[in-house]
Amino acid sequence: MDDLKEKYLAKIADAEDEAALEDLRVQAIGKKGEISLKMRELGRMSPEERQVAGPKLNALKNEITSALAARKAALADAALEERLRNEWLDVTLPGRPRRQGSIHPVSQVTEEITAIFADMGFAVAEGPQIESDWYNFDALNIPPEHPARQEHDTFFMSRAPGDTRPPHVLRTHTSPVQIRAMQAQGAPIRIIAPGRVYRMDMDQTHTPMFHQVEGLAVGRDISMANLKWVLEEFCRAFFEVDEVEIRFRASHFPFTEPSAEVDIRCSWDGGSLKLGEGDDWMEILGSGMVHPKVLEAGGIDPQQWQGFAFGIGIDRLAMLKYGIPDLRAFFESDLRWLRHYGFPALDIPTLHGGLSR
Ligand code: PHE
């Protein structure tokens, strides 16, 4: 029995894995194992012999069983240690961001514009993209027969057969938000309204859906000089470069009087769009003093209040600032384009942090 004990304890201590341990268990205490066979011999012994051999065999069996269990646990511990050593990981290392998505230049520029005007005290207002004929045109001093209606290349919604009211439209500009904001807040008011607008037009600088940001400031004595300062200040902050050259050009809009458009000097040489050089001018915004009839439509007394309004083409600004030559690519959802021109999602534009970094 001592030989058996020594033999198995040594083998168990040397076992390399669970399979080897299982083999040893079968050899020692399995049904036909050496120790089990010895136990069967007890029956043929005299009672005296049995009294000595029985407890000894049982003790041996128990000892082997616990040696097997102990070795099994030791092997499991060693395996765990090994895994911990191999799979060790320095959690203090900086993460490596996987850039799966990016911010579209239009969103980026909208954020930049919002940050600049917020700094000048303008709050953000919104309005619907499907707009009534009245808000999109009449309230802005564009009556039904006015030629400006044709210039807007409007998309019309359809009415139920027999319904003779004028159809709703996809808003052709963000100017209807002027009316909605005045109705909602009254005067004084200082808002911008960024959003989508729609016109039937398509070439290198036009798409049927594009983006504008409307601006409106109404007070007791707001003048054209304030308008000019605000727009110049905006251009300086937005383009973040000294060379940008802008020009104010006398213009006409039914909803402002007087009116001015702002162009920016640029060049299209060699198929790339560059800012502050060349002999081309790109129109980026329309503006003027709010027409008294528009104030009235917004529920504001033109005898008491006056102000300015402007409408900026967001997509045009994005093209100019980031040198993107074709507007149509903005809305094709080509991942390669988005990866190239997109912005990291966590860099939120602020005036103090640098708008575009
Ligand atoms: N709504 C005009 C446009 O779409 C822009 C504009 C807005 C002009 C406000 C003057 C004042 O082109």
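Colleague: Which residues have the most contacts inside the largest nonpolar core?

Modeller: In this predicted model, the largest nonpolar core has 43 residues. In soluble globular proteins, nonpolar side chains tend to be buried together. Those with the most contacts inside this core are Ile-113, Phe-117, Phe-234, Phe-308 and Leu-317.

Colleague: Which element gives the most to this core, and with how many residues?

Modeller: At least two residues of the core come from each of several elements, including the helices H5, H9, H11 (314-322) and H12 (335-341). Strands E5 (209-219), E7 (256-267), E9 (280-290) and E10 (306-313) also supply at least two residues each. The element that gives the most to the core is H9, with 7 residues.

Colleague: Which residues are in contact with Phe-117, leaving aside its neighbours within four places in sequence?

Modeller: Phe-117 is one of the residues with the most contacts inside the largest core, and it is also one of the H5 residues that meet H9. With neighbours within four places in sequence set aside, the residues in contact with Phe-117 are Phe-122, Ile-192, Val-230, Phe-234, Phe-310 and Ile-312.

Colleague: What is the make-up, by class, of the contact of H5 with H9?

Modeller: From H5 come Val-109, Glu-112, Ile-113, Ile-116 and Phe-117, and these meet Val-230, Phe-234, Ala-237 and Phe-238 in H9. Sorted by class, the contact of H5 with H9 has 1 charged residue, no polar residues and 8 nonpolar residues.

Colleague: Is Ser-175 buried or exposed?

Modeller: Ser-175 is placed in the loop between strand E3 (169-170) and helix H8 (176-185), and, not counting residues up to four places away in sequence, Ser-175 touches Leu-140, Glu-214 and Phe-255. Because its relative accessibility is 3%, Ser-175 counts as buried.

Colleague: What is the omega of the cis peptide bond that joins Glu-257 and Pro-258?

Modeller: Most peptide bonds are trans. A cis peptide bond joins Ala-187 and Pro-188, with Pro-188 in the loop between H8 and strand E4 (189-198). Pro-258, by contrast, lies in strand E7, and for the cis bond that joins Glu-257 and Pro-258, omega is about -5°.

Colleague: Is Ser-333 buried or exposed?

Modeller: Most residues other than glycine have a negative phi. Ser-333, found in the loop between H11 and H12, has a positive phi of about 55°. Since its relative accessible area is 60%, Ser-333 is exposed.

Notes: Residues are numbered from 1 along each chain as its sequence is written. This is a predicted model: local features need pLDDT of at least 70, side-chain atom pairs count only at pLDDT 80 or more; totals for chains, interfaces and linings use all residues. Side-chain values use heavy atoms; hydrogens and water are left out. Contact means heavy atoms within 4.5 Å. Helices (H or I, at least four residues) and strands (E, at least two) are DSSP runs, numbered from the N terminus. Ala, Val, Leu, Ile, Met, Phe, Trp, Tyr, Cys and Pro count as nonpolar, Asp, Glu, Lys and Arg as charged, and the others, Gly among them, as polar. A nonpolar core is a set of buried Ala, Val, Leu, Ile, Met, Phe, Trp, Tyr and Cys residues joined through side-chain atoms within 4.5 Å. Buried means under 20% relative accessible area, exposed over 50%, partly exposed in between (1.4 Å probe, protein chains only).
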